[in-house]
Amino acid sequence: VVEADLGQLKFLMGIYENFDKAVRVSAAHSEIAARLREELDYLREGRAMDLYRAMLAAEPGVRVPEWRTELSTDKLLTMTWLDGAPMLDFKNASQKQRDTIAMNLFRAWYVPFYEYGIIHGDPHPGNYTVGKGDVINLLDFGCIRIFDASFVRGVIDLYRALERGDNALAVSAYETWGFRKLTKAHIETLNIWARFLYGPLLEDRARPIGELDGTGFYGRETAQRVHRRLREIGGVELPQAFVFMDRAALGLGSVFIHLRASLNWHRLFHELVQGFDEAALRRRQAAALAAQGLLR
């Protein structure tokens, strides 16, 4: 059934590309297909759950369930129960409590990324709850994305490029992500999106992550502006590795907005990337994946 759906999706994406030349999405289809096929492998998901327990073991604000191997098969995944309430139940909590929940959620996603090059690819509200003490219960590990250490460096390099106005470093960062044949117009257009995503990280002050636009979505107006500009300049090929990283940023941003969280995102980010060492991340990632039998 999944293969049939992927075939239909590929057909529809082909129609889209013929109709709209702004974004070429063949690599995005490959990425979606790879992650969906992984979601069908429950033994792999169990190993990914154990991987996240290890990566987040030192995080007091995050809990991950235990994989019960004796009660699991390749068609059934069993894990320990974590008590918690839906995130949006806390929309009217105190500012302090909402900020704590947001900070814990931020670290649940980005500690694994900046320390191990691994991200939870599905920031759906059903995939986490809030437990006692405002701890985040992180659930559903069928969709995780493992990045090369160079991709993480590219994410940090783009931040530095925007901070310094360094276009050469921005080009290098985009190319590290997998963008190709970029013109000056491409860079200027991609930077519109990058400044939107990185904006909260560039300001050293407590602030909301952003706001919902007139359509009720986070980032839609900016995305439409970028889309129009890309169409005018001949389009761009969307890199495979970009898909779930972008999804995580937008999904989490929307949750932070609903929580009305106000944090110093700049300092949270700098705490994670201070002393970044690409070679050290590569070693940590390899060791963590090998320990769970997840080496690619």
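Guide: Happy to! A polar contact is a pair of N or O atoms within 3.5 Å; within protein, one must be able to donate a hydrogen and the other to accept it, and residues adjacent in sequence count only if both atoms are side-chain atoms. This is a predicted model, where local features need pLDDT of at least 70 and side-chain atom pairs count only at pLDDT 80 or more, while totals for chains, interfaces and linings use all residues. Residues are numbered from 1 along each chain as its sequence is written, and side-chain values use heavy atoms, leaving out hydrogens and water.

Let's start with N137. The side chains of N137 and R63 are joined by a polar contact of 3.0 Å. You can find N137 in strand β6, which covers residues 136-138 (strands are DSSP runs of E, at least two residues, and helices are runs of H or I, at least four, numbered from the N terminus). N137 counts as buried because its relative accessibility is 0% (buried means under 20% relative accessible area, exposed over 50%, partly exposed in between, with a 1.4 Å probe and protein chains only). Beyond its neighbours within four places in sequence, N137 is in contact (heavy atoms within 4.5 Å) with R63, L82, D83, G84, N127, Y128, T129, V130 and G131.

Now move to E31, in helix α2, residues 26-39. E31 has a relative accessible area of 0%, so E31 is buried. The E31 side chain has a polar contact of 2.7 Å with the side chain of R145, and another of 3.2 Å with that of Q240. With neighbours within four places in sequence set aside, the contacts of E31 are R145, Q240, V243 and F244.

Finally, step back to see the setting of both residues. The protein has 11 helices and eight strands. Its radius of gyration is 19 Å, close to the 19 Å that the globule rule gives for 296 residues, so the protein is as compact as a globular protein of that length (the radius is taken over C-alpha atoms, and the rule is 2.2 Å times the number of residues to the power 0.38). Along the principal axes, the C-alpha atoms fill a box of roughly 55 × 45 × 40 Å. Of the 296 residues, 50% count as buried. Among contacts between residues at least 6 apart in sequence, 73% join residues at least 24 apart.
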